[in-house]
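Subject: Structure for you to look at

Hello,

Here is the structure I said I would pass on. Please open it first, then read my notes beside it.

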Amino acid sequence: IIYGAESRKWLTKFSYLHMKYLFFSWLAVFVGSWIVYVEYSSYTEMCRGHECKNSICDKYKKGVIDGSACSSLCEKQTLYLGKCLTANPNSQVYSGSWGDLEGVIKCQMEEAPRYDLGGEPRKETSAAFNKPTKGTSVEKFREMITDHLKAKVGDQANLAELATQVLSIADGNKDSHISLPEARSTWALLQLNEFLLALVLHDREHTPKLLGFCGDLYVMEKVPHSPLYGISLPWIIEMWIPAGLRRSMDQWFTPSWPHKAKISIGLLELVEDIFHGTFGSFLMCDVSATTFGYNDRHDLKVMDARHIVPEAIFQEVIRQQRCDVDEDCLYGADCLTSCDLTKHRCTTEVTRPNLAKACDALKDYILRGAPSDMSEELEKQLYACIALKGSAEQMEIEHSLILNNLKTLLWKKISHTKDS
């Protein structure tokens with residue numbers, strides 16, 4: 001009898017443990033399946049590069065568009081789409097290889113961002129490849145390009161030089177003749193802000209080189225190190241990490257301090273170049289680590305220029321934006337103006353200049369591991385920089401002084417080393 005009672009007790013306990021095991025196994029399978037489903041759905045929605053390629057190649061085969069990458073992409077199959085790097089489904093980004101070259105392939109889907117306000121840009125229909133029209137002369141096309149550039153960056157003295165550069169790119173097969181399909185591809189590319197910035201900064205090496213294009217699909221040189229800093233973690237782990245620890249973790253896998261100093265100088269020089277630069281002023285509306293990378297020589301490179309916008313265009317659009325509070329006047333991540341409550345319209349002057357946002361992005365990056373004999377002065381200058389308010393035009397002298405002091409402090413520390 002005692003033996004039977006103990007057996008039943010043991011069987012009851014075993015049954016309970018068995019049911020508990022089955023429950024947690026079922027729960028694990030359910031959660032795992034749900035995560036796989038969500039990740040797969042997100043991937044298929046986000047990564048549509050092959051649709052983009054098929055659309056481009058269809059237009060190429062019909063003779064609508066042409067460019068230096070078209071034959072390799074659509075006929076020879078020597079330009080391959082590799083790993084999906086897309087963060088926005090309307091702008092497809094893939095790693096790729098083109099013969100012996102490694103690059104990044106960017107392709108616009110049916111909708112493309114235009115200059116407008118809000119957390120995300122409003123959308124408009126993508127390039128229809130219907131301009132210029134048949135019968136347009138090269139001189140007329142040059143005039144179209146010049147007028148377009150003037151509308152984007154203002155009436156600059158050397159727009160003719162920039163227009164000549166565009167025409168040189170348009171001749172994709174370098175036969176000294178611009179065909180109508182080549183001209184249509186070039187016109188579509190000119191609508192993209194990243195392409196415009198690459199043109200403006202072509203001699204400054206802040207942007208990756210354009211390797212080729214086909215329609216509004218284009219190939220840029222690969223930047224070996226990106227983002228500027230930070231590590232990527234699965235979201236299920238991310239949600240349990242405190243913000244302070246997360247910021248510290250982002251700085252774990254960064255180059256040596258002299259290399260970080262050189263990269264930081266590159267960002268400061270970019271700010272300098274796009275403020276009253278050769279082709280007008282630009283506003284940096286997303287100064288985050290993911291926007292930048294660097295090459296093996298530790299030269300800074302802009303990875304995503306969609307939110308570096310011409311100031312003239314920004315002001316033209318934002319003054320028409322209706323608002324009730326200042327937050328209604330936000331473009332990108334951090335281009336904020338104030339709301340004029342008497343008119344319920346946004347004002348045109350940003351509350352923080354490019355330099356203040358750049359210093360904010362660099363603060364933790366450059367202070368970590370800084371030499372003890374200059375860390376206090378570096379921190380002091382960075383916080384003075386972060387505190388800058390108003391547009392750079394309103395405080396041009398202070399802006400220039402802080403920028404030059406920071407560059408000088410960093411250069412003095414690394415100029416005598418091979419890292420410089």
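A residue is called exposed when its relative accessible area is over 50%, buried when that area is under 20%, and partly exposed in between. Lysine 174, with a relative accessible area of 56%, is therefore exposed. Please keep in mind that this is a predicted model.

Backbone

Lysine 174 sits in the loop between helix H5 (159-170) and H6. Its phi is positive, about 55 degrees, although lysine 174 is not a glycine. Serine 176 is in the loop between H5 and H6 as well, and has a positive phi of about 60 degrees without being a glycine. With a relative accessible area of 73%, serine 176 is exposed. Most residues other than glycine have a negative phi, and most peptide bonds are trans.

Where are the cis peptide bonds to look at? One runs from lysine 131 to proline 132, with omega near -5 degrees. Proline 132 belongs to the loop between strand S5 (123-125) and helix H4 (138-153). Another runs from serine 226 to proline 227, again with omega near -5 degrees. Proline 227 is found in the loop between S7 and H8.

Buried places

Serine 185 is part of helix H6 (residues 180-190). Is serine 185 buried or exposed? Its relative accessible area is 0%, so serine 185 is buried. Apart from neighbours within four places in sequence, serine 185 has contacts with Ile65, Asp66, Phe213, Cys214 and Gly215.

Helix H7 (residues 193-200) is largely enclosed by the rest of the structure, because eight of its eight residues are buried. The buried residues of H7 include Phe195, Leu196 and Leu197, and also Asn193 and Glu194.

Isoleucine 414 is in helix H14 (residues 396-414). At 0% relative accessibility, isoleucine 414 is buried. Isoleucine 414 and alanine 261 are 153 residues apart in sequence, yet their C-alpha atoms are 7.6 Å apart in space.

Two packed helices

Alanine 261 comes up again in the contact between H10 and H12. Two packed helices are described by the angle between their axes and the distance between the axes. For helix H10 (residues 257-274) and helix H12 (residues 354-367), the angle is about 175 degrees and the axes are 10 Å apart. H10 and H12 are therefore roughly antiparallel to each other. Residues of H10 in this contact include Trp257, Ala261, Leu267 and Ile274, and among those of H12 are Leu355, Ala358, Leu362 and Tyr365. By type, the residues of the contact are 12 nonpolar, two polar and one charged.

The sheet

What is the order of the strands in the open sheet? The five strands run S1-S2-S3-S7-S6, with antiparallel pairing. Strand S1 (79-84) and strand S6 (210-214) are the edge strands, each pairing on one side only. From one strand to the next, the twist averages 30 degrees. Four bridges join S1 and strand S2 (residues 91-98) in the antiparallel sense. Tyrosine 80 is opposite serine 97 in S2.

Salt bridges

Side chains of opposite charge can pair when their charged atoms come close. How many salt bridges does the structure hold? There are 15 salt bridges in the structure.

One of these pairs lysine 222 with glutamate 102, and the closest N and O atoms are 3.0 Å apart. This pair connects distant parts of the chain, 120 residues apart: lysine 222 is in the loop between strand S7 (217-221) and helix H8 (235-238), and glutamate 102 is in strand S3 (residues 101-108). Lysine 222 is partly exposed at 41% relative accessibility, and glutamate 102 is exposed at 51%.

Another salt bridge is formed by lysine 301 and glutamate 221, at 4.0 Å from N to O. This pair also links distant parts of the chain, 80 residues apart, with lysine 301 in strand S10 (residues 300-302) and glutamate 221 in strand S7. Lysine 301 is buried at 6% relative accessibility, whereas glutamate 221 is partly exposed at 23%.

Lysine 363 pairs with aspartate 364, with the closest N and O atoms 3.3 Å apart. Lysine 363 counts as buried at 17% relative accessibility, and aspartate 364 is partly exposed at 31%.

Regards

Methods
Residues numbered from 1 in each chain as written. Predicted model: local features only at pLDDT ≥ 70, side-chain atom pairs only at ≥ 80, totals over all residues. Heavy atoms only, no water. Axes fitted to C-alpha atoms, helices over the stretch in contact; angles between N-to-C directions. Parallel < 35°, antiparallel > 145°, perpendicular 65-115°, else oblique. Contact = heavy atoms within 4.5 Å. Nonpolar A, V, L, I, M, F, W, Y, C, P; charged D, E, K, R; others polar. Buried < 20%, exposed > 50% of the residue type's maximum accessible area, 1.4 Å probe, protein only. Salt bridge = Lys/Arg side-chain N within 4 Å of Asp/Glu carboxyl O. Pairing = 2+ DSSP bridges.
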